[in-house]
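Open the model in your viewer and keep the selection tool ready. The tour moves from one selection to the next and says what is there.

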Amino acid sequence: MRPGIQPYLLGLKEIIDKKLLELLPNSSDSLSKLEESMRYSILAGGKRLRPILCISASEAVGGSLDKALQIACAIEMIHTYSLIHDDLPSMDDDLLRRGIPTNHSVFGEALAILAGDALLTDAFSLIAREGISNVISPTVVVEIIRDISKAAGSQGMVSGQAFDLALEGKEVSVELIEKVHSLKTGALIEASVTSGARVGGANEDQLLQLKCYAKYLGLAFQIIDDVLDIEGGTEIGKSRGADARKNKATYPALVGVERARKMALELTEKALLALKDFDDKAGPLRDLAFYLGGRKY
Ligand code: GRG
């Protein structure tokens, strides 16, 4: 890993956190439990991987951080909604997320559902506003909305989650796991990269290459996530061993931890290869692939 990547990630995380705080609704009404519940999960932390990917993809094609920042934050809001809903009693029924009690354990199930709904909906409003104020061309904004809504909805993350729930306890093939992962996790990661690339002014070739990078990266990320569910320590911020307890179909459950790690490494190499035509501006994207392929949390 390039020595500068940690400060780069930390620096970006700080900028993203500050902007998220600014973008979240904050009425002076101290009774607004909904807003408190939204802030609780957003400010609980997280690696901010998707917004960082969005910004780094924009920079890789010559775009600026400032222009991509609001879109990047909107994607993090969509990701956080998915985590809140994923933890609900009717879904994974988890008590710990990002190292603290899950949203519904603190605010109750109804408010957790609403906080997720509000984060998802507000995110699209924030994206649209970038077009209205002409920070980004309205045509590009529409393309971004199309990419992100497809990735998050019934053709992406939501259907991946539905498959995931339906497959609990069933025997599945590696191909099927891959399909579920690419919908549940991969789609939003891909949209984070393409959105950033669009903001930065990517041409069609660059978009295709970055899509390819994101596809491999997303899969490697998910495989390592499954491995960490078995091997990770408290730093993973959620209850370890949850996949096995719920009889979830995962790579390490099917092919073993060692083979799963090897697969993640191979995918990381493919992700890097997809960037071969990019210059040094894609350095952070390359470093992110290395980092994710070997991450410990
Ligand atoms: C409820 C519509 C709906 C979707 C849920 C994203 C998701 C789909 C479920 C999360 C469950 C899970 C453990 C997925 C595997 C990989 C993943 C997305 C992990 C969480 O993302 P990170 O590691 O989390 O980027 P942080 O907290 O760092 O943002």
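Select helices H9 and H10 to begin: their crossing is right-handed. A crossing is right-handed if the near helix is turned clockwise from the far one by less than a right angle, and left-handed if anticlockwise. Helices are DSSP runs of H or I with at least four residues, numbered from the N terminus.

This is a predicted model, in which local features need pLDDT of at least 70 and side-chain atom pairs count only at pLDDT 80 or more, while totals for chains, interfaces and linings use all residues. Residues are numbered from 1 along each chain as its sequence is written, and side-chain values use heavy atoms, with hydrogens and water left out.

**H9 and H10**

H9 covers residues 174–200 and H10 residues 204–231; they pack at about 135°, with axes 8 Å apart. Axes are lines fitted to C-alpha atoms over the stretch in contact, and angles run from 0 to 180 degrees between N-to-C directions. H9 and H10 are therefore oblique to each other. Angles under 35 degrees count as roughly parallel, over 145 as roughly antiparallel, 65 to 115 as roughly perpendicular and the rest as oblique.

Now show side chains. Among those that meet are Ile189 and Val193 in H9, and Leu210 and Phe221 in H10. Contact means heavy atoms within 4.5 Å. The residues of this contact divide into 10 nonpolar, 5 polar and 6 charged. Here Ala, Val, Leu, Ile, Met, Phe, Trp, Tyr, Cys and Pro count as nonpolar, Asp, Glu, Lys and Arg as charged, and the others, Gly among them, as polar.

**H7 and H9**

Next, select H7, residues 138–152, which packs against H9 at about 175° with the axes 8 Å apart. H7 and H9 are therefore roughly antiparallel. Their contact includes Ile144 and Ile148 of H7, with Leu188 and Ala191 of H9.

**H3 and H9**

Move to H3, residues 49–60: its angle to H9 is about 35°, and the axes are 6 Å apart. This crossing is right-handed. Arg50 and Leu53 of H3 are among the residues in this contact.

Terms used: Helix = DSSP H or I, 4+ residues; strand = E, 2+ residues; numbered from the N terminus.
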